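Visitor: I am new to this structure, and I would like to learn how to read some of its features. Could you take me through them slowly?

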Amino acid sequence: MLRSFAWAVTAATVSAFVPHTAAAQGASDADRQAILNGVDAQSPALARNALAVWNYAEVGYQETKSSDLLQDTLKKAGFAITPGVAGMPTAFVASFRRGKGPVIGILAEYDALPGLAQRSEPTRAPIEGQAAGHGCGHNIFGAASVAAAIAVKDWMVANKVDGEVRVFGSPAEEGGSGKVYLVRAGLFNDVDAVLHWHPGDSNQVSNGASQANISGKFRFKGVSAHASALPDKGRSALDGVEVMNVAVNYLREHIPMTTRIHYVVTNGGVAPNVVPDFAESYYYVRHTDPAVVRSVMDRVRKAAEGAAMATGTTVEFEATGGVYSMLANDTLAKVMDANLRAVGGARWTPEETAWARTMQPGLPVQRPMESAGSVAAISTADGGGSTDVADVSWTTPTIGLGAATWVPGTPAHSWQAVAASGSTIGAKGGTVAAKTIALTAADLFRNPEAIAAAKAEFQQRRGPNFTYRAMLGDRSPPLDYRRASVK
């Protein structure tokens, strides 16, 4: 939990926010059927868009084709598009408004991960020459969110529902913290509630804390020399990286429990016989408490400075990412959970099941195949990952779900996740998510009391003295954070 913000909401307090009649006052049976029909009508386009973005496999801040495709789909459906928002060329806001009413936001992601290029096959089949793959399923994330928004828009028009549905095209979730810049630009200030989802191996509303984090690159500069003939004239930037890594590894013993520190060396020089005059490492620090993350990263930076002193080099640090941990909202979680249960999990064909069973033996966790078609209880556990959705959750009431787009037991950021994300299994899970999000949006449009209750809980959890301060400070979006490291 976020101890530094010192909030505490008991179950009794939360129940006071939620009117006993809230569920009954949501969307009618006719509304719900229209929404489900609308998403079914969008499902072929959802699958096409998801596969197209899967094939583009564009990494953070380079998702030009992916962003353009989703924008074009929304524009053709009658949404007004504002591209390139918050200083990010691949970010966008798409809006449909009818009269005055609630503003419901829906998040869309579409960035891929470096490496992991894999064919949509149940056995390991890398794609030679491809630099990235959708190991977190963001290709389906974006396509399903767009489908949900269009279904809601069509329902609003047909039923004369007042309000606004607003899609936030969010680049660079994987380490680039794209939504932080959307938040910082004030784009959520007038939004009443935000809905999101994420691909996974089960169907479940998530209402627990994620990991706050700060990530960044340490760039050491030294002096080149012949490593054998004139080693005394050189000052190795790689030595700086390695001494820093040793110092940080000793630091691990003296930081708060459950803190995570991980890194890769992104540039270590080019030839053994040349003393490297440039080297770079890429670090993450994570904890559920943002204050702990800030403190530990400060100590990591001190380790880098000490390493530079010890090796006669200099070091610069660039924070490339930084996010809060998720702020829960029980009010919205209950609304979304009811809708997820009404939708249920995806139903696979015999061919899809056979495909999944071929993959299953190599998965690190063995789970019943049937779990992809069921719905688990709301999760309140702290998650092991980080997301920039968390910053949105500290700005407006926010809730999300996971949908089974992968074979049960599949870990995120794996070739198995890439394979399923490009399959019909992935698209079917996306349809489950789109229906759940669209139904939840309809419930909120029809029930202002639920929005009011969610806002009251949000204010209580956030606390009266909270002021949002981005973990990244006032830096501009790191548009080149996925490009090759240079001096």
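This is a predicted model: local features need pLDDT of at least 70, side-chain atom pairs count only at pLDDT 80 or more; totals for chains, interfaces and linings use all residues.

Visitor: At what angle do helix α12 and helix α13 pack?

Guide: Angles of 65 to 115 degrees count as roughly perpendicular. Here helix α12 (residues 424-446) and helix α13 (residues 448-462) pack at about 100 degrees, with their axes 5 Å apart, which means that α12 is roughly perpendicular to α13. Leu444, Phe445 and Arg446 of α12 make the contact with Pro448, Ala450 and Ile451 of α13, and by class this contact has 5 nonpolar, no polar and 1 charged residues.

Visitor: How many aromatic pairs does a search of the whole structure find?

Guide: The search finds 14 aromatic pairs, and planes under 30 degrees apart count as stacked, over 60 as edge-to-face. Phe168 and Phe188 form a stacked pair, 4.1 Å centre to centre with 25 degrees between the planes. Phe168 lies in strand β6 and Phe188 in the loop between α5 and β7, so this pair ties together parts that are 20 residues apart in sequence.

Visitor: Are Phe168 and Phe188 buried or exposed?

Guide: Both Phe168 and Phe188 are buried. The rings of Tyr324 and Phe466, by comparison, have planes at 85 degrees and centres 6.3 Å apart, so that pair is edge-to-face; Tyr324 and Phe466 are buried as well.

Visitor: Which residue lies over the face of Phe96?

Guide: Lys153 does, at 5.7 Å from the ring centre, and the charged end of Lys217 sits over the ring of Tyr282, 5.2 Å from its centre.

Terms used
Residues are numbered from 1 along each chain as its sequence is written. Side-chain values use heavy atoms; hydrogens and water are left out. Axes are lines fitted to C-alpha atoms, for helices over the stretch in contact, and angles run from 0 to 180 degrees between N-to-C directions. Helices (H or I, at least four residues) and strands (E, at least two) are DSSP runs, numbered from the N terminus. Angles under 35 degrees count as roughly parallel, over 145 as roughly antiparallel, 65 to 115 as roughly perpendicular and the rest as oblique. Contact means heavy atoms within 4.5 Å. Ala, Val, Leu, Ile, Met, Phe, Trp, Tyr, Cys and Pro count as nonpolar, Asp, Glu, Lys and Arg as charged, and the others, Gly among them, as polar. Rings of Phe, Tyr and Trp (its six-membered ring) pair if their centres lie within 6.5 Å; planes under 30 degrees apart count as stacked, over 60 as edge-to-face and the rest as tilted. Buried means under 20% relative accessible area, exposed over 50%, partly exposed in between (1.4 Å probe, protein chains only). A charge sits over a ring if NZ of Lys or CZ of Arg is within 6 Å of the ring centre and within 35 degrees of the ring normal.
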